[in-house]
Amino acid sequence: MKAEYINPFITSLGTVFRTMLQCEVKRGPIHLKERSYPNHPISGVIGLSGKAIGTVVLSMSEPVALKAASAMLMTDCQEVNADVLDAVGELTNMVAGRAKSQLEELQLSVSLPNIVTGPDHEVRFPSNVMPICVPFDTPWGPLTLEVGLAPVAVPVAT
């Protein structure tokens, strides 16, 4: 995966958390994702298609999900429920949408977000995609951005 593909997602995550949640994030070391299990028990998952295909996963700890939902809903969320999961999906959608706007040359379409939960849930990327994993720390706890995006082979006209 090219660096110019991952950078818009990293920038987007920081912007979304800062502007929507008034929460600063600190990026950790970027590395290749080696297993199909996200680092945290709550994940927003969005598919991408166009001149590239791939997946974006925003995986977060329960405290991050609760605090993010509380900030978005302007209420004190105490337990993971449908509203909290919807907030995680919307955050994932905002991160992917902002990044998409910076990757116009790929003419990407963004799917609706899906939420996957549980300590050992599995998220699979397309088989030809090697995802990048970007950990972040927040005052609320850890979260991870996973992005796998690969150009689609365009048939040559004869």
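This is a predicted model: local features need pLDDT of at least 70, side-chain atom pairs count only at pLDDT 80 or more; totals for chains, interfaces and linings use all residues.

Reader: What makes β7 and β8 a pair of strands?

Author: Pairing requires at least two bridges. Seven bridges join β7 (residues 132-138) to β8, and the two run antiparallel; the pair therefore meets the criterion of at least two bridges. A hairpin through two residues joins β7 to β8.

Reader: How do you know that β8 also pairs with β4?

Author: The same criterion of at least two bridges applies. Nine bridges join β4 to β8 (residues 141-151), in antiparallel fashion, so this pair qualifies as well. As one instance, Met 60 has Leu 143 in β8 as its bridge partner.

Reader: Why is β4 described as largely enclosed by the rest of the structure?

Author: Eight of the nine residues of β4 (residues 52-60) are buried, hence the description. For β8, nine of the eleven residues are buried, so that strand is likewise largely enclosed by the rest of the structure.

Reader: Why is the contact between Lys 33 and Glu 146 called a salt bridge?

Author: The limit is 4 Å between a side-chain nitrogen of Lys or Arg and a carboxyl oxygen of Asp or Glu. The closest N and O atoms of Lys 33 and Glu 146 are 3.1 Å apart, so the contact is within the limit. Lys 33 lies in the loop between β2 (31-32) and β3, and Glu 146 in β8, so the pair ties together parts that are 113 residues apart in sequence.

Reader: Are Lys 33 and Glu 146 buried or exposed?

Author: Buried means under 20% relative accessible area. Lys 33, at 9%, is therefore buried, and Glu 146, at 0%, is buried too.

Reader: How many salt bridges does a search of the whole structure find?

Author: The search finds two. Arg 18 forms one with Glu 24, where the closest N and O atoms are 3.8 Å apart. Arg 18 counts as partly exposed because its relative accessibility is 40%, and Glu 24 is partly exposed at 47%; both values lie between the limits of 20% and 50%.

Definitions and conventions. Residues are numbered from 1 along each chain as its sequence is written. Side-chain values use heavy atoms; hydrogens and water are left out. Buried means under 20% relative accessible area, exposed over 50%, partly exposed in between (1.4 Å probe, protein chains only). Helices (H or I, at least four residues) and strands (E, at least two) are DSSP runs, numbered from the N terminus.
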